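Work through the exercises below with the sequence and the coordinates open. Each task is followed by a solution in steps.

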Amino acid sequence: MAVPRSPRALVAVLVFVGTVVAVISSLGAPLVPAVASATGASLPDAQWSLTATLLVGAVATPVVGRLGDGPHRRRVVLAVLAVVTLGGALAALPLGLGWLVAGRALQGFGLGLTPLAIATAREALTGDRSRSTIAALSVTVVTGVGLGYPLAGLVAELGGVHAAFWAGAAVSAAALVAAAVVLPPPAAAPRRRLDVVGALLLGAGVGGLLLALGEAGTWGWTSPLLWGLAGAAVVALVLWVLWESRTPEPLVDLRLARGRTALTAHSAALLVGLSNYLLLAAVPVLAQAPPADGAGFGTSIVVAGLVLLPFSAASVAGGRLARLLADRAGHARVLPVAAVVQGVAFVLFAVLRTDLWQLFAVMAVAGLGVGAAFAAFPALLVSAVPPSETGSATSLNQVLRYVGFAVGSALTATLLAAATPGSGGSPGAAGYTTIAVVGAGVCVLTAVVTGLTGRPAAAPARAPAAVR
């Protein structure tokens, strides 16, 4: 039973729960090279310590949201925090890469906590306190990740990569205890049926595609197994779309993607998420790679985390700039402009990799674009769907964002593996150039798609007045 507490205590606990999401994310990109070194795995295999978390997050977010959208929200929050804590402990134990990836996959369930924390703040708090708490939760992940990258790197530098996962497990365990004491029971609400079939089809489809993409370098692009797996994954996704379109209580309501404005927001979420993680996954590897291999700066994990700090800071600034641009030019202009800014970051990444400060600059420019894009999504969705469907539309947008993250992470591993010498070592410079070209292409596609679909429909021409 939750012990009644002041609103101030509830706000603190909700922000703490949101911080767990930032911790889960912080234990990803900067630690991939350290995971490879600690487990004796290759970089592409170690990349699964990030990809698995994002994959599970993509599937678990709507599942956790549906289970928590009713009378059992408090129990769901506590159960998810317990799973995240177990995953952190499993990743921290020196059991090998397989168990570490399994632990990180369990931590992926925690990526669905933020919507539940926001729902609790909306229901249990009132007035300005409710609005300010929701706003704080919205930026907690971005700001927390920015600070968490170097902190996670520092812990890993001092105590090894497993110490960083122990620290993450400790944070989620503390959040579990605090939530058990403070979180109130939710208001009475009807229980909604969980779409188990939809969850299984989504997991099979996205997981199959990521596995095929991640193992393309090992199996070979002409492998029948590779194309068979990819084909089966596509079939699963097609079946998922058909099922979600017809079931009365879908896991993700795809009908909310209809209409030009909603289509713009959702397609951009997938594409921006993909291009975002091309840089977030590649830059820490480049920063830590030995200079002797022809590409790399040989920095510590701490410095690699600091390289990502400008990204988080610029993301906050990009969100504010997006609101100014929306007020002056309209919401439809924000996403194309954001995609162009992000594309500039990839161009810089292609030509400026000789000094470490250039990576800081690249990530700052990328943060401006990504922050502006993410800030534009809520306004577009609110304008495109009825108020009663805002939560479902936001959930769909977040699922597509996580799918883009996971695809970007897996694609980075594949491209860098193709640029790694057969004798081992670190990826060559050509691999990072390829990532820059692919990322710039995705940004151009994003700008074109959002520029075309985001334009308001032309008003019908008026018939000329009759001449008398």
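**Exercise 1.** What span should the 12 residues of helix α7 (residues 113-124) have at 1.5 Å a residue, and how far apart are its end C-alpha atoms?

Solution. The model is predicted: local features need pLDDT of at least 70, side-chain atom pairs count only at pLDDT 80 or more, and totals for chains, interfaces and linings use all residues. Residues are numbered from 1 along each chain as its sequence is written, and side-chain values use heavy atoms, with hydrogens and water left out.

- Step 1. Helices are DSSP runs of H or I with at least four residues, strands are runs of E with at least two, and both are numbered from the N terminus.
- Step 2. The expected span is 1.5 Å times one less than the number of residues. For the 12 residues of α7 it is 16 Å, and the end C-alpha atoms are 16 Å apart, so the two values agree.
- Step 3. Buried means under 20% relative accessible area, exposed over 50%, and partly exposed in between (1.4 Å probe, protein chains only). In α7, the buried residues are L113, T114, L116, A117, I118, A119, T120 and A121.

**Exercise 2.** Repeat the span check for helix α15 (residues 334-351).

Solution.
- Step 1. α15 has 18 residues, and 26 Å is expected at 1.5 Å a residue.
- Step 2. From its first C-alpha to its last, α15 reaches 26 Å, close to the expected value.
- Step 3. Buried residues of α15 include V334, L335, P336, F346 and F349.

**Exercise 3.** Describe how helix α5 (residues 73-92) packs against helix α6 (residues 97-107).

Solution.
- Step 1. Two packed helices are described by the angle between their axes and the distance between the axes. Axes are lines fitted to C-alpha atoms, for helices over the stretch in contact, and angles run from 0 to 180 degrees between N-to-C directions.
- Step 2. The axes of α5 and α6 come within 7 Å and cross at roughly 160°. The pair is therefore roughly antiparallel, a term for angles over 145 degrees.
- Step 3. The crossing is left-handed, meaning that the near helix is turned anticlockwise from the far one by less than a right angle.
- Step 4. Contact means heavy atoms within 4.5 Å. V83, V84, L86, G87, G88, L90 and A91 in α5 meet W99, L100, A102, G103, R104, L106 and Q107 in α6.
- Step 5. By class, this contact of α5 with α6 has nine nonpolar, four polar and one charged residues. Ala, Val, Leu, Ile, Met, Phe, Trp, Tyr, Cys and Pro count as nonpolar, Asp, Glu, Lys and Arg as charged, and the others, Gly among them, as polar.

**Exercise 4.** At what angle do α5 and helix α9 (residues 161-182) pack, and how far apart are their axes?

Solution.
- Step 1. The angle is about 160°, with the axes of α5 and α9 8 Å apart. That makes α5 roughly antiparallel to α9.
- Step 2. The crossing of α5 and α9 is left-handed.
- Step 3. The residues that meet include L78, L81 and T85 in α5, and F165, W166 and L176 in α9. The classes in the contact of α5 with α9 are 15 nonpolar, four polar and one charged.

**Exercise 5.** Is V362 buried or exposed, and which residues does V362 touch?

Solution.
- Step 1. V362 lies in helix α16 (residues 356-384), and V362 counts as buried because its relative accessibility is 1%.
- Step 2. Not counting residues up to four places away in sequence, V362 touches L279, A345, L348 and F349.
- Step 3. The C-alpha atoms of V362 and L348 are separated by 6.2 Å.

Definitions and conventions
Parallel < 35°, antiparallel > 145°, perpendicular 65-115°, else oblique.
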